[in-house]
Amino acid sequence: LSRGLGDVYIREAYDAGLQHFGESRVEEGSQKADTARLAGLNSIQWHMIGSIQSRKAREVPGHFNWVHSLDRIKIAQRLSQQAVEDGVMLKVLLQVNLSGEQSKSGFDLAGWHGQDDHPGWPEFDEAIETLAKLPGLDLCGLMTIPPFTDDAEDTRSIFAAMRALRETLQAQRSDLTWQHLSMGMSHDYEVAIEEGATIIRVGTAIFGPRV
């Protein structure tokens, strides 16, 4: 594929065996997905890992297979409506903010350590209840982004809390699979895997810094 689509060699990565590609911007990702399909790379699974604006939500189900960054019911409802219209099933993960960083999106569960009386829990629980009923969406896990640090070991507590959160949800909402934990990037993915990550996001390690 052209370097003009994000300055990455998607074709080379695909030929080397990579089947899952992530993108943080809806418009860029949609263009890459369209170009890849025209090139015959039809087995690629496209992951939307960035924030989704309301006006961009309609573009997502027709281009992406996964959304890691679901953090608002309004967006979920728009994704559901479009997925039904497109006749597709979109796998979605709930983005959770466990660090309390204001720059991070996600349901605010900062400082959560298993307590149902956490101030952010009612909103989070209500979101799960609503999402579980929306057609066209397959709620199958959680995603988080910890604070960036030079020492990957500093992220362990966040990843461990995510694993504990999943275990709590598996016990409380066994009607849902909670199969996936999307956590860990190029600088801390090894710690994330040790703490239970099933999906890691390692774009920089493969393609280099974004330019």
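Trainee: Which backbone atom lies 2.9 Å from a polar atom of the side chain of N97?

Mentor: The backbone oxygen of E101 does. A polar contact here is a pair of N or O atoms within 3.5 Å; within protein, one must be able to donate a hydrogen and the other to accept it, and residues adjacent in sequence count only if both atoms are side-chain atoms. The model is predicted: local features need pLDDT of at least 70 and side-chain atom pairs count only at pLDDT 80 or more, while totals for chains, interfaces and linings use all residues. Residues are numbered from 1 along each chain as its sequence is written, and side-chain values use heavy atoms, with hydrogens and water left out.

Trainee: Is N97 buried or exposed?

Mentor: Buried means under 20% relative accessible area, exposed over 50%, and partly exposed in between (1.4 Å probe, protein chains only). N97 has a relative accessible area of 6%, so N97 is buried. N97 lies in strand β4; strands (E, at least two residues) and helices (H or I, at least four) are DSSP runs, numbered from the N terminus. Contact means heavy atoms within 4.5 Å. Leaving out residues up to four places away in sequence, N97 touches K104, S105, G106, F107, D108, L109 and A110.

Trainee: How many bridges join β3 to β4?

Mentor: Two strands pair if DSSP finds at least two bridges between them. Three bridges join β3 to β4 (residues 90-97), and the two strands run parallel. V67 stands opposite V92 in β4. From β3 the chain passes through helix α3 (residues 73-86) to β4 in a right-handed β-α-β crossover. Right-handed means that, with the strands pointing away from the viewer, the path from the first strand over the helix to the second runs clockwise.

Trainee: Which residue of β3 is the bridge partner of H47?

Mentor: W66 is the partner. β2 (residues 45-48) pairs with β3 in the parallel sense over two bridges. H47 also has G22 opposite, on the β1 side, and β1 and β2 pair in the parallel sense over four bridges. β1, helix α2 (residues 26-38) and β2 form a right-handed β-α-β unit.

Trainee: Which residues make up the covered face of β1?

Mentor: In a regular strand the side chains alternate between the two faces of the sheet. In β1 (residues 20-23), F21 and E23 form the covered face, and H20 and G22 the uncovered one. Strand β3 (residues 66-70) is mostly covered, with five of its five residues buried.

Trainee: Which residues have the most contacts inside the largest nonpolar core?

Mentor: In soluble globular proteins, nonpolar side chains tend to be buried together. A nonpolar core is a set of buried Ala, Val, Leu, Ile, Met, Phe, Trp, Tyr and Cys residues joined through side-chain atoms within 4.5 Å. The largest has 51 residues, and L79, L94, F124 and L142 have the most contacts inside it. Helix α5 (residues 156-172) gives the largest share of this core, six residues. Apart from this core lies another, of five residues, among them W66, L93, C140 and I199.

Trainee: Which backbone nitrogen lies 2.9 Å from a polar atom of the H118 side chain?

Mentor: That of G120. H118 lies in the loop between β5 and α4, and counts as buried at 7% relative accessibility.

Trainee: Where does W178 lie?

Mentor: W178 lies in the loop between α5 and β7 (180-185). Its phi is near 50°, a positive value in a residue other than glycine. W178 is buried, with a relative accessible area of 0%.
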